[in-house]
Amino acid sequence: MRAKKFEIKIEKYLKRQFGITIDAASKRQIYEAVMSTVREELSEKKFVYEQELKKTKQKRAYYMSMEFLVGRTLRNNLFNLGLEQEVKEYLANNNFSLDEIYDIEPDPGLGNGGLGRLASCYLDALTSNDYPVTGFSILYEYGIFKQVINNGWQEEFPDYWLDLGKYGLVYRNDEEVEVRFYGYVEEKLTEKGFTVEHKDYTAIQAEPYDLLISGYKTDSVNTLRLWEAKAKTGFNMKLFEKGEYSKSSEAEAIASSISKLLYPADSTNEGKELRIKQQYFFISASLQQLVKNYYNEFGTLENLFEHVALHINDTHPAMGVPELMRLLLDEYGYSWEKAWKITTKTFAYTNHTIMSEALEKWSVDLFKPLLPRIYSIIEEINKRFCGWALEQGKGYTLAQTAIIYDNQIRMANLSIVGSHNVNGVSKLHSDILVESTFKAFNELYPTKFGNVTNGIAHRRWLGQANPELAVYLEKLIGNDFIKDLSKINKLNNYVNDKKVIEQLMDIKKIKKEQLAEYIQNTTGITVNPNSIFDVQVKRLHEYKRQLLNALHIVYLYKEIKYNGLRPVPRTFIFAAKASSGYQMAKNIIKFIHSISQMIESDELVREYIKVVFLPDYKVTLAEKIIPAADISEQISQAGKEASGTGNMKLMLNGAITLGTLDGANVEICEAVGYDNIFIFGLETSQVNDLNLRGYKSWEYYSASPRIKETLDFIRTMTVGGMNFSFIVDYLLTQDNFMCLADFDSYVEMQEKVSKIYQNKEKWGRMSLINTANAGIFSADRSVEEYAKNIWNIKKVK
């Protein structure tokens, strides 16, 4: 009955919008009709859901993140609504393929890597578990960029996703707000007390769009609020006539840049300034609207923290702390003491990295003219914090803990001081935070720090990305694992069942054949589905060590060509975007492509190894690659990866982890045991000891014939007129993430991989054990911990 109503709505949309019946519709028209009908269905459910929340007045969470890598929405929504099969049959009866309709939808350009995907997994999980939550971010017009590989080099182009992606969005012109930049602050002592006025500012209009988030088989519908920047006043003719040409269009110029791209290059002051504008823009817009709505409902803000939990996802939303203070002080007249109590009881912060480059710091000289009132509040927060630390007899910590230090504003410190809870995202990462990165803060706030290990939206990464495996598991162990992933551990009962292992391996073969076809169509490279599919898919960064993987491939090439090695056939699959301003990362992409080209031109070597770099990595591509993987490369330098979530998705789909004891690899190892994972390399304590002693990569070159021969061979490599001696020079003089220190251990573990892969039953058993023990890495478990231990929110039901 419900499915029939949905079909009627589709046909009504076609008649109303295009004046046609379904038999005359194009795929594009069907796509728009289905997307719009799903949006209408979710809007109706959202209305009922909001009415219930208005009755209960219960506490809600607000998750603030610079990115949400949501992936395609149509299949996810139909799956969650329980309508996918019916819609598939309905369209098939009318000569349309639902899979072809899915392929029309672009991935929303709202995120880049693990940070954004985690945020989206959490929205999915919170909604599926009936927790009230709203996400806040920016409606990026062109996403991060569309990656094109030209002659092995990454090139960046605008990602025009909104043309076809807009049908899932609800424009909320009733909730537009104004965000202010530049100008100056005028402070006055009046009869009402100390007042502050922001003058001569440039106003930007923040226009809200809502992406509705469905949950699996639930009546809950949450919202991802996305803000688009528009000029408030447009062209100022009076300023133009005065000869102030630049200022006459200043608002238009600022607005057009703010919501254009995610993570603009910040190698220049102009790039840094734009990042600050982006961060403040979405934070200010979100908090202004939230606080206004709250005050209208409750008539006070003194109990804000009893009904609102604000969450800072990494340091990008750190300006939420001073912005909430600004609203409480300047707009609603609270004293500093009351405003600070409300703010610190409302905010919590998740740290996602120990990498210094990602612990954002902004120059005071750059920040202060942009946001004069926000700067004055940060300055006061810092002054009071430093005074408090001195009173505690902890003045010696201020070099590490002061918010403003050495003419820089340290956003992680601001987040910690302004939050009631701080968490890391894996056991190892959280330990490093309190023992090293934020050791001084832990001394000041010994009860503030905790851990919530990351999790993944298993309904997407198994139920949707790998339907063949999901259907088989439903028949084998029942379907309760779809709602509760911990139930997948029933698969452990079949660890010695040869027929089950064979069936799982057959499903893996199907996924590999599907990926092989995609690789052929995309790159023109023919790969063998019977080979080991060795996968490394993640953001391109030196610490993630795609370079170490590439060095091993060169080693294999040399051994096959000159030393008679005949290994188990293997296909190395890479997908990654490099930040547009990150030249070394781009060089590594070029190096990988050149290795692939060298192998393809060698008749002997290509029989044993292939290298594939799939361009424009995004959620939809990950959904093709991950179910087909045999090996999950998680080879970051120990102590550098906060957690990782790709490792969890790959594990769930039966890939076996090859990695260092870094991030959540540690917990994966605990879950499956050392016999079902391939661990190599230095551990975090050994890396730290080596750094203290002084790491000299050339010593490893001198001591290891394997390393020396591989690097010497790279010096001779000239592919397409390009020589890669600069890679060798980098490794011998810098090697910032100890590729050479771990190289021999890595090669030896890769040899073990090849040996065990030949024993199909043993390999299949290891794969089964990985899938069966992935339950603890569900985002459902993660969000339960946030809800109960940090936000103190309850389910709507």
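**Helix crossing and aromatic rings**

Helices H22 and H24 cross in a right-handed way. This is a predicted model, so let's start with that crossing and then look at the aromatic rings and the lysines over them.

**The H22–H24 crossing**
- H22 covers residues 467-477 and H24 covers residues 498-523; their axes come within 9 Å and cross at roughly 160°.
- Angles over 145 degrees count as roughly antiparallel, and H22 and H24 are therefore roughly antiparallel to each other.
- On the H22 side, the residues that meet H24 are Pro-467, Glu-468, Leu-469, Tyr-472 and Leu-476.
- Their partners in H24 are Val-500, Gln-503, Leu-504, Ile-507, Ile-510, Lys-511 and Gln-514.

**Aromatic pairs**
- The count of aromatic pairs comes to 30.
- Take Trp-388 and Tyr-445: their ring centres sit 5.4 Å apart with the planes at 10°, so this pair is stacked.
- That pair ties together distant parts of the chain, 57 residues apart: Trp-388 belongs to helix H16 (residues 372-391), while Tyr-445 is in the loop between helix H20 (439-444) and strand S17 (449-451).
- Trp-388 is partly exposed, at 28% relative accessible area, whereas Tyr-445 counts as buried, at 15%.
- Ring pairs also join Trp-388 and Tyr-445 with Phe-385, Phe-438, Phe-441 and Phe-449 in a cluster.

**Lysines over rings**
- Tyr-445 has Lys-448 over its face, 3.7 Å from the ring centre.
- Over the face of Phe-533 you'll find Lys-512, at 4.9 Å from the ring centre.

Methods:
Residues are numbered from 1 along each chain as its sequence is written. This is a predicted model: local features need pLDDT of at least 70, side-chain atom pairs count only at pLDDT 80 or more; totals for chains, interfaces and linings use all residues. Side-chain values use heavy atoms; hydrogens and water are left out. Rings of Phe, Tyr and Trp (its six-membered ring) pair if their centres lie within 6.5 Å; planes under 30 degrees apart count as stacked, over 60 as edge-to-face and the rest as tilted. Helices (H or I, at least four residues) and strands (E, at least two) are DSSP runs, numbered from the N terminus. Buried means under 20% relative accessible area, exposed over 50%, partly exposed in between (1.4 Å probe, protein chains only). A charge sits over a ring if NZ of Lys or CZ of Arg is within 6 Å of the ring centre and within 35 degrees of the ring normal. Axes are lines fitted to C-alpha atoms, for helices over the stretch in contact, and angles run from 0 to 180 degrees between N-to-C directions. Angles under 35 degrees count as roughly parallel, over 145 as roughly antiparallel, 65 to 115 as roughly perpendicular and the rest as oblique. A crossing is left-handed if the near helix is turned anticlockwise from the far one by less than a right angle, and right-handed if clockwise. Contact means heavy atoms within 4.5 Å.
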